[in-house]
Amino acid sequence: MSGAALTGMMIIAAGLFAAGLFGVLARRGILFQLIALEVALSGPALAFIAAGAYHGEADGQGMFVLTLTLAAAEVAVGLALFLRIRRAKGSDDSDAVSGLKG
């Protein structure tokens, strides 16, 4: 992989991360925030793969698997929280969290 290809991949990775971060901050629905968080996590995952390919090392792929595992755990916890909030408040609005007790 050439330096120009690495630069392009890093720009795409930064764009994915920025779009995901904007989605987390701009949306109020918990499901949309979870989807945006997954998009934000795909940015660093792409950067790890690109950097590993550029340097000819398998470390980037290992970090990608770690990032994928982190994303799966995040989805499991996030969906459990979503179901708890949905049952307690009847809404998927993330601002409803401040009224939960117990």
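A quick definition before the points: a residue is buried under 20% relative accessible area, exposed over 50%, and partly exposed in between, using a 1.4 Å probe and protein chains only.

1. **What you're looking at.** This is a predicted model, where local features need pLDDT of at least 70, side-chain atom pairs count only at pLDDT 80 or more, and totals for chains, interfaces and linings use all residues. Residues are numbered from 1 along each chain as its sequence is written, and side-chain values use heavy atoms, with hydrogens and water left out.

2. **Overall layout.** The protein has three helices and zero strands, in the order α-α-α along the sequence. With a radius of gyration of 17 Å, well over the 13 Å that the globule rule gives for 102 residues, the protein is more spread out than a compact globule. (That radius is taken over C-alpha atoms, and the rule is 2.2 Å times the number of residues to the power 0.38; helices are DSSP runs of H or I with at least four residues, strands are E runs of at least two, and both are numbered from the N terminus.) Along the principal axes, the C-alpha atoms fill a box of roughly 55 × 25 × 15 Å.

3. Of the 102 residues, 24% are buried. The accessible surface comes to about 6500 Å², and 70% of that belongs to carbon and sulfur atoms; these areas come from the Shrake-Rupley method with a 1.4 Å probe, and for residues only the protein chains shown count as cover. Among contacts (heavy atoms within 4.5 Å) between residues at least 6 apart in sequence, 58% join residues at least 24 apart.

4. **Helix H1.** This one runs over residues 3-26; at 1.5 Å a residue its 24 residues should span 34 Å, and the end C-alpha atoms are 34 Å apart, which agrees. (The expected span is 1.5 Å times one less than the number of residues.) Its buried residues are Leu6, Ala13, Gly20 and Gly23, and their cover includes helix H2 (30-55).

5. **Helix H2.** Buried residues in H2 include Ile30, Gln33, Leu34, Ala36 and Ala40. What covers the buried residues of H2 includes both H1 and helix H3 (59-89). After H2 comes Gly56, with a positive phi near 70 degrees.

6. **A spot to check on H2.** Ser42 lies in this helix. At a relative accessible area of 28%, Ser42 is partly exposed. Ser42 and Ala14 are 28 residues apart in sequence, yet their C-alpha atoms are 9.8 Å apart in space.

7. **Helix H3.** The 31 residues of H3 should span 45 Å, and with end C-alpha atoms 44 Å apart, that agrees. Gly60, Thr67, Ala71, Glu74, Gly78, Phe82 and Ile85 are its buried residues, and they pack against H2. Gly90 follows H3, and its phi is positive, near 75 degrees.

8. **The stretch after H3.** Take a look at Val97, which is found in the segment after H3. Val97 counts as partly exposed, at 39% relative accessibility. From Val97 to Phe82, 15 residues apart along the chain, the C-alpha separation is 9.8 Å.

9. **Charges.** The protein has 7 positive and 7 negative charges, and their mean positions are 19 Å apart. Lys and Arg count as positive, Asp and Glu as negative, while His and the chain ends are not counted; each charge is placed at NZ of Lys, CZ of Arg, CG of Asp or CD of Glu.
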